[in-house]
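Hello,

The file you asked for is below, followed by notes on what turned up in it.

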Amino acid sequence: MNKSDKVIISEYQENEINKICENCKNEDQSVVNNFILTGFKYCESCRISKTIFPI
Ligand SMILES: [Zn+2]
């Protein structure tokens, strides 16, 4: 990871709207991590429930 990559991730995590879960509308830092990993803006509990009970 070079310096510019680190800056981009830092700015992304500081953007409050990216922390809002699209499913339950709660703000959680895990939403950012799950969006980076899965492409879905879900909090940890929603991600787990979607994994167990997919639509
Ligand atoms: Zn949620």
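Along the chain, the donors of the zinc ion follow the spacing C-x2-C-x18-C-x2-C. The model is a predicted one. The protein donors are the SG atoms of Cys21, Cys24, Cys43 and Cys46, and they lie 2.2 to 2.3 Å from the zinc ion. The angles that the four donor atoms subtend around the zinc ion run from 103 to 118°, so the arrangement is tetrahedral; the criterion for four donors is that all angles lie between 85 and 135 degrees.

Cys24, at 30%, counts as partly exposed.

Cys21 also belongs to the largest nonpolar core, which has five residues. Val31, Tyr42, Cys43 and Cys46 are the others in that core. As general background, nonpolar side chains in soluble globular proteins tend to be buried together.

Next, the aromatic rings. The count comes to one aromatic pair. It is formed by Phe40 and Tyr42, with ring centres 5.8 Å apart and planes at 10°, so the pair is stacked; planes under 30 degrees apart meet that description. Phe40 has a relative accessible area of 49% and is partly exposed, whereas Tyr42 is buried at 18%, the limit for buried being under 20%.

Leaving aside residues up to four places away in sequence, Tyr42 touches Cys21, Glu22, Asn23, Ser30, Val31, Asn34, Arg47 and Lys50. Among these, Cys21 and Val31 are listed with Tyr42 in the nonpolar core, and Cys21 is one of the zinc donors.

Regards

Definitions and conventions:
Residues are numbered from 1 along each chain as its sequence is written. This is a predicted model: local features need pLDDT of at least 70, side-chain atom pairs count only at pLDDT 80 or more; totals for chains, interfaces and linings use all residues. Side-chain values use heavy atoms; hydrogens and water are left out. Donors are N, O and S atoms within 2.8 Å of the metal (3.2 Å for Na, K and Ca); water is not among the atoms, so sites may look incomplete. Four donors count as tetrahedral if all angles lie between 85 and 135 degrees; four count as square planar and six as octahedral if opposite donors are over 155 degrees apart and all others between 65 and 115; anything else is irregular. Buried means under 20% relative accessible area, exposed over 50%, partly exposed in between (1.4 Å probe, protein chains only). Rings of Phe, Tyr and Trp (its six-membered ring) pair if their centres lie within 6.5 Å; planes under 30 degrees apart count as stacked, over 60 as edge-to-face and the rest as tilted. A nonpolar core is a set of buried Ala, Val, Leu, Ile, Met, Phe, Trp, Tyr and Cys residues joined through side-chain atoms within 4.5 Å. Contact means heavy atoms within 4.5 Å.
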